[in-house]
Amino acid sequence: MGRRAAQRPVGAVTRGTTSPNRLRRMDRWIAAAHGPALRRAAGPDGPVAVDLGYGAAPWTAVELLERLRAVCPDVRVVGVEIDPARVEAARPYERPGLTFAHGGFEVPLPGGRRPLLIRAANVLRQYGESEVPPVWDRLRARLAPGGLLVEGTCDELGRRHVWVALGPEGPRTVTFATRLASLDAPSDLAERLPKALIHRNVPGEPVHAFLLEMDRAWAAAAPYAALGARQRWMRTVREVAGGWPVVDGPRRWRQGEVTVRWEALAPRGNGS
């Protein structure tokens, strides 16, 4: 029999828009939340992290390696892109611990290795909402035990970002992260909700109710603006945490973040 044809990558080519430092907020959160798991997996081969759909330039993969190595020196990063021209353009940036591969949602890794982290930023925005759960399932199935999938959306400069964290068992949390100096109201983050939630920002849906509550608490915390946007944000989140399952604390809030359990924000009637 002849050699079997190579498997066609799963997914569609994205616009490829990217820029240096765009994913710093997501990377910072990953390093804090997932750093211990990466360190536990350290060994001769090192744990593997995947930057899925890094785009027309490899900046985000290069930065992911640098940021994860600050918490796990043995980590390796593989940038995966469905456009073969982008993979070839990234080759000159390869270095020890950083390689690039042609592929899609099947997440091809040498030797069939399973990554301990898959980061998919601004990849699913072009897909339909109904397509998200199957993609999540496919990516979660590729994770190593104890692995993490982080999928979300940010603006072009990385000032506003919302992502979902998923383990092999399913979605766990939703994180809202922002450059506080640029924020007029927490609901400004609605435009960066990931595909699983962005069409659910309507009355009757939990994510809409959460953002309304954040805006209410933000308005009530206006006197704290005299102390700076950070103090106003922290007061806002502290107030909202009394009625919503916020899972982080002041150390993360100071970074302009808040993380909430997925079950509290999941679309109604969605079993994901």
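Helices (H or I, at least four residues) and strands (E, at least two) are DSSP runs, numbered from the N terminus.

Before going further, a word on the source. This is a predicted model, in which local features need pLDDT of at least 70 and side-chain atom pairs count only at pLDDT 80 or more, while totals for chains, interfaces and linings use all residues. Residues are numbered from 1 along each chain as its sequence is written, and side-chain values use heavy atoms, with hydrogens and water left out.

Ala121 counts as buried because its relative accessibility is 9%; buried means under 20% relative accessible area, exposed over 50%, and partly exposed in between, with a 1.4 Å probe and protein chains only. Leaving aside residues up to four places away in sequence, Ala121 touches Leu23, Met26, Leu52, Gly53 and Gly152, where contact means heavy atoms within 4.5 Å. From Ala121 to Glu213 the distance is 26 Å, C-alpha to C-alpha, and the two are 92 residues apart in sequence.

Eight strands form an open sheet with mixed pairing, in the order 3-2-1-4-5-6-7-8. At its edges are strand 3 (98–102) and strand 8 (257–261), each of which pairs on one side only. From one strand to the next, the twist averages 20°; axes here are lines fitted to C-alpha atoms, for helices over the stretch in contact, and angles run from 0 to 180 degrees between N-to-C directions. Two strands pair if DSSP finds at least two bridges between them.

Why is strand 1, residues 48–52, described as largely enclosed by the rest of the structure? The reason is that five of its five residues are buried. In a regular strand, the side chains alternate between the two faces of the sheet. In strand 1 both faces are covered, with Val48, Val50 and Leu52 buried on one side and Ala49 and Asp51 buried on the other. Strand 1 pairs with strand 2 (residues 76–81) in the parallel sense over five bridges, and Ala49 stands opposite Val77 in strand 2.

Strand 6 (residues 160–167) and strand 7 (residues 170–178), by contrast, run antiparallel and are joined by eight bridges. Here Ala165 stands opposite Thr173 in strand 7.

Both of those residues, Ala165 and Thr173, return in the lining of the second largest pocket, along with others including Trp29, His34, Arg172 and Asp248. On a 1 Å grid over the protein atoms alone, a pocket is an open set of points with protein on both sides within 12 Å along at least five of seven lines, whereas a cavity is a set where a 1.4 Å probe fits but cannot get out; lining residues have an atom within 4 Å of a point. About 170 Å³ of space lies in this second largest pocket. A volume is the space filled by probe spheres set on the grid points, which are joined across faces, edges and corners. Which element gives the most to the lining of the second largest pocket? Helix 1 does, with three residues.

The largest pocket has a volume of about 340 Å³. Of its 20 lining residues, Arg15, Thr17, Arg22, Asn122 and Val123 are the closest to its centre. That lining divides into five nonpolar, nine polar and six charged residues. Ala, Val, Leu, Ile, Met, Phe, Trp, Tyr, Cys and Pro count as nonpolar, Asp, Glu, Lys and Arg as charged, and the others, Gly among them, as polar.

The largest cavity contains about 110 Å³ of space. Its lining comprises 16 residues, with Ala12, Gly53, Ile82, Gly104 and Val123 nearest its centre. By class, nine of the lining residues are nonpolar, five polar and two charged.

I close with the backbone. Most residues other than glycine have a negative phi. Asn21, in the segment before helix 1, has a positive phi near 70° and counts as partly exposed, at 33% relative accessibility. Val107, in the loop between strand 3 and strand 4, has a positive phi of about 50°. Is Val107 buried or exposed? Val107 is buried, with a relative accessible area of 0%.
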